[in-house]
Amino acid sequence: MLYVVLFFLIFSLFLYVVLGGADYGAGIVELFSSEENQKITKKTVYRVMGPVWEANHIWIIILVVILWIAFPAYYNIMVIYLHIPLTIVLLGVTLRGVAFVFRHYDAVIDNSQKLYDAMFKISSLVTPIFLGIVFGGLISGKIKIVEDVTTLTFYEAFIRPWFNIFSVLVGLFFAALCAFLSSIFLIGESEGKNENIYIRKSAIATIVVFIVGLVTFGYGFISGNVFVQNFVKDPAAIVLVVLSAALLLPLWKTIKKGNKVWSRFFAGLQVFLILVAALISHFPNIIITETSSISLLDNIAPDSVIKVLGISLLIGGTVILPGLFHLLKSFGMIKILER
């Protein structure tokens, strides 16, 4: 059952990166648009995201629950040493949700709408940045594990692990990736002049993802980051990254042809390949501390707990996945069955 739990862990991570990432990216695209284009994007985002935006956060809930129950040692390190960026993520998700609702359903139209718009756009940028910072903190090599955390200064224990150049670069990379996913998704939800807006946005986002990714890996390699160095030395990881880059050609061909299904497929496949490349190069030693690497599989829950969790995930997946597919299909987010 451990493999079942690991499958749902990685599956939830992938879906949250793609669906949740596109969700956040919509706000980022709106933020970096002209005033006229912001109005267009705002209407499009509400029409597309309105019925399903809450469903996109199912996956991070499942992810957290699996870590909490099955991998308590890993979970404890995250919530202790990275509780500050995680708290900012939680606040960002909350403020973003509040702003999304009130800027559409507030009964009074006044200057408060400007506040809601600003809350939505800024939290859409800040939240994925800090999500990326959390991951960057886990692999930065700045975490110092001690039996008694009070022996460390507040900065050493709770600031240094995530407030560093490498972790911030990872956060910026994930935010750029979210903007890329969202712009590709919004192309399929627009026509004519509006479609051209998002084609330009996707081109810009692609360039930004490439540049920020190159800077992140370059800095990580030069600074001696263990994760990046192992990544570069792993032939399989390099092949996957090269393949992901090569998919840009068919992606742009499908965008120019207006093929909504294949453009989303290639964009999602690119993200999948990048995610797999990042995981296989150092899995299961995802946490890298100052002195060593910590395996996800260290000090896992007892077999009886893993068995119950695995069965629960199989039953839940059987119920939830068809329902989620129907929800997304009903509101036009899935185009695969359309002509």
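**Exercise 1. Orientation of α9 and α12**

Determine how α9 and α12 are oriented to each other in this predicted model, and which residues form their contact.

Solution. 
- Step 1. Helix α9 covers residues 192–222, and its axis lies 12 Å from that of α12.
- Step 2. The two helices pack at an angle of about 170°.
- Step 3. Angles over 145 degrees count as roughly antiparallel, and α9 and α12 are therefore roughly antiparallel to each other.
- Step 4. From α9, the contact uses I199, S202, A203 and T206; from α12, it uses L248, W252 and I255.
- Step 5. Sorted by class, the contact of α9 with α12 has five nonpolar and two polar residues, and no charged ones.

**Exercise 2. Orientation of α9 and α10**

Classify the angle between α9 and α10, then describe the residues that meet.

Solution. 
- Step 1. Helix α10 spans residues 226–233, and its axis and that of α9 come within 7 Å.
- Step 2. The axes of α9 and α10 cross at roughly 105°.
- Step 3. The range from 65 to 115 degrees counts as roughly perpendicular, so α9 and α10 are roughly perpendicular to each other.
- Step 4. On the α9 side, the residues are F217, G220 and F221; they meet V228, Q229, F231 and V232 of α10.
- Step 5. The classes in the contact of α9 with α10 are five nonpolar, two polar and no charged residues.

**Exercise 3. Crossing of α12 and α13**

Work out the direction and hand of the crossing between α12 and α13, and list the residues involved.

Solution. 
- Step 1. Helix α13 is made of residues 260–280; its axis and the axis of α12 come within 8 Å and cross at roughly 155°.
- Step 2. This angle makes α12 roughly antiparallel to α13.
- Step 3. The crossing of α12 past α13 is left-handed.
- Step 4. In α12, the residues at the contact are L248, P250, L251, T254 and I255, and they meet W262, S263, F266, A267 and Q270 of α13.
- Step 5. The contact of α12 with α13 has, by class, seven nonpolar residues, three polar residues and no charged residues.

**Exercise 4. The surroundings of T254**

Solution. 
- Step 1. The T254 side chain reaches the backbone oxygen of L251 at 2.6 Å.

**Exercise 5. Backbone exceptions and an exposed proline**

Describe the backbone at P284 and N299, then the setting of P235.

Solution. 
- Step 1. Most residues other than glycine have a negative phi, and most peptide bonds are trans.
- Step 2. The bond from F283 to P284 is cis, with omega near 5°. P284 is in the loop between α13 and β1.
- Step 3. N299 is not a glycine, yet its phi is positive, at about 55°. N299 lies in the loop between β2 and α14 (303–330).
- Step 4. N299 is exposed, as its relative accessible area is 62%; the cut-off for exposed is over 50%.
- Step 5. P235 is in helix α11 (residues 235–246), and with a relative accessible area of 58% P235 is exposed.
- Step 6. P235 and S293 are 58 residues apart along the chain, and their C-alpha atoms are separated by 21 Å.

Technical notes
Residues numbered from 1 in each chain as written. Predicted model: local features only at pLDDT ≥ 70, side-chain atom pairs only at ≥ 80, totals over all residues. Heavy atoms only, no water. Polar contact = N/O pair within 3.5 Å; in protein donor to acceptor, adjacent residues only side chain to side chain. Axes fitted to C-alpha atoms, helices over the stretch in contact; angles between N-to-C directions. Helix = DSSP H or I, 4+ residues; strand = E, 2+ residues; numbered from the N terminus. Parallel < 35°, antiparallel > 145°, perpendicular 65-115°, else oblique. Left-handed = near helix turned anticlockwise from the far one by under 90°. Contact = heavy atoms within 4.5 Å. Nonpolar A, V, L, I, M, F, W, Y, C, P; charged D, E, K, R; others polar. Buried < 20%, exposed > 50% of the residue type's maximum accessible area, 1.4 Å probe, protein only.
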